[in-house]
Amino acid sequence: MILIVYISAALVNSLPVHTFSSINSIVEDVFQISQLNVTLNALLFTIAHPIFAFPWNWVLNKYGIRPGFIAGGVLLIIGVWLRLLLQVGNSTYCLIGSALAAIGNIFILNTPSKVAINWFSAERVPIVTFTGILSTLISLTVGASVPGFLIDSHSTPDDIRKFLFIEACVITVPIVLLIIFFKEKPKNPPSKTAKIIFHE
Amino acid sequence: MFTNKEYLKIMVSMTLNYGTLMALMMVCDQMLKGMGYSNTGKLTSITIASAMIFGILSNPLFSFLLRKTKAYKAVSIICNLNYI
C-alpha cells in the first residue's frame with residue numbers, strides 16, 4: 001500500500017517540469033509571451049534543485065518524511081493549479097506556480113532511498129530505490145512528451161489551459177493520496193539500519 | 001569528498017552531462033523551429049521521449065556491464081561517446 005501510494009506520487013511529481021518544453025514556440029505564439037518566460041517555467045525547476053536540495057534534505061532528516069511530503073505536496077498542488085492562470089500577454093502567475101511546484105517537487109524527488117530504508121528489508125532497499133528513481137524518469141519523459149502530441153499550432157489559449165487543467169488534476173489525486181495515506185514508519189523496523197534510524 | 005579527485009571527475013562529468021541534457025530539452029523546440037521544421041511540438045516530444053526511453057533502457061544494461069566487468073573507466077567512456 002505504502003509503495004503503491006509513493007510510486008503513484010513519484011510518477012506524477014515531475015510531470016510539470018517540462019510541460020512547456022515541447023510546446024515552447026506554440027505557447028510563445030498563442031499567449032504572446034517572450035521565449036524566455038516560457039523557457040523559465042522549466043528552468044525554475046533546474047534552478048530550484050541545487051538551491052533547495054540541501055535544506056530540504058535537512059528538513060526531511062530532522063522532521064521526517066511525512067511532514068516533508070505534506071509541505072512538498074501542498075506546494076506542488078498550489079503551484080500546478082496557479083499555472084492555470086496563464087493569460088495572453090501575462091505569465092506572472094504561471095511562473096509563480098512553476099516556482100512553487102519546483103520548490104515542492106524536491107521534497108518527493110529526494111526521498112526514494114529514505115522511504116525504502118524506513119519501510120523495506122535490507123534486500124529490498126535497492127529495488128525499491130530503483131523503482132522510485134525510475135518513476136521520476138518516467139514522469140519526466142511523459143511530462144515532456146505528451147504536450148507535443150496534444151497541442152499543435154492550431155491550438156487556442158483555452159486548449160492549452162484545458163491541458164494544464166487535466167495535468168493539474170492528474171497530479172493532485174496521487175499527491176493528496178500520498179498526504180493522507182503515507183505513514184512515517186512501520187511499527188517494527190524492517191532492518192538493522194531502520195532500527196538505528198528510528199532510535200535516533 | 002571534494003578533495004577526492006576521482007569523485008570530482010565523476011561529479012563534473014555528471015554535471016555536464018545532465019546540464020547539457022536539460023538545456024537541450026528546454027531549447028529543442030526552438031532549435032527545430034529555427035531549422036525550418038513545422039509541427040515542432042510533436043518532433044520535440046519524439047526527440048525527448050526517445051532520449052529518455054533510451055536512458056531508462058540502457059540503465060540496467062550499464063549496471064549489468066559494471067557488475068560483470070568492474071571496468072568503470074571503460075563504461076564511463078562508452079557513456080560519453082556521444083560528446084566526441
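Trainee: Is Phe52(A) buried, exposed or partly exposed?
Mentor: This is a predicted model, with local features needing pLDDT of at least 70, side-chain atom pairs 80 or more, and totals for chains, interfaces and linings using all residues. Residues are numbered from 1 along each chain, chains are lettered from A and ligands numbered from 1 as written, and side-chain values use heavy atoms, without hydrogens or water. Buried is under 20% relative accessible area, exposed over 50%, partly exposed in between (1.4 Å probe, protein chains only). Phe52(A) has 24% relative accessibility, so call it partly exposed.

Trainee: And what is the relative accessible area of Trp56(A)?
Mentor: Trp56(A) sits four residues from Phe52(A) in helix α3 of chain A, residues 35-63 (a DSSP run of H or I, at least four residues). That puts about one helical turn between Phe52(A) and Trp56(A). Trp56(A) counts as buried, because its relative accessible area is 18%.

Trainee: How are the rings of Trp56(A) and Phe107(A) arranged?
Mentor: Rings of Phe, Tyr and Trp (its six-membered ring) pair if their centres lie within 6.5 Å; planes under 30 degrees apart are stacked, over 60 edge-to-face, the rest tilted. Here the centres are 4.8 Å apart and the planes at 15°, so the Trp56(A)–Phe107(A) pair is stacked.

Trainee: Which helix does Phe107(A) lie in?
Mentor: Phe107(A) is buried, at 3% relative accessible area. Its pairing with Trp56(A) of helix α3 ties together parts 51 residues apart in sequence, since Phe107(A) lies in chain A's helix α5.

Notes:
Helix = DSSP H or I, 4+ residues; strand = E, 2+ residues; numbered from the N terminus.
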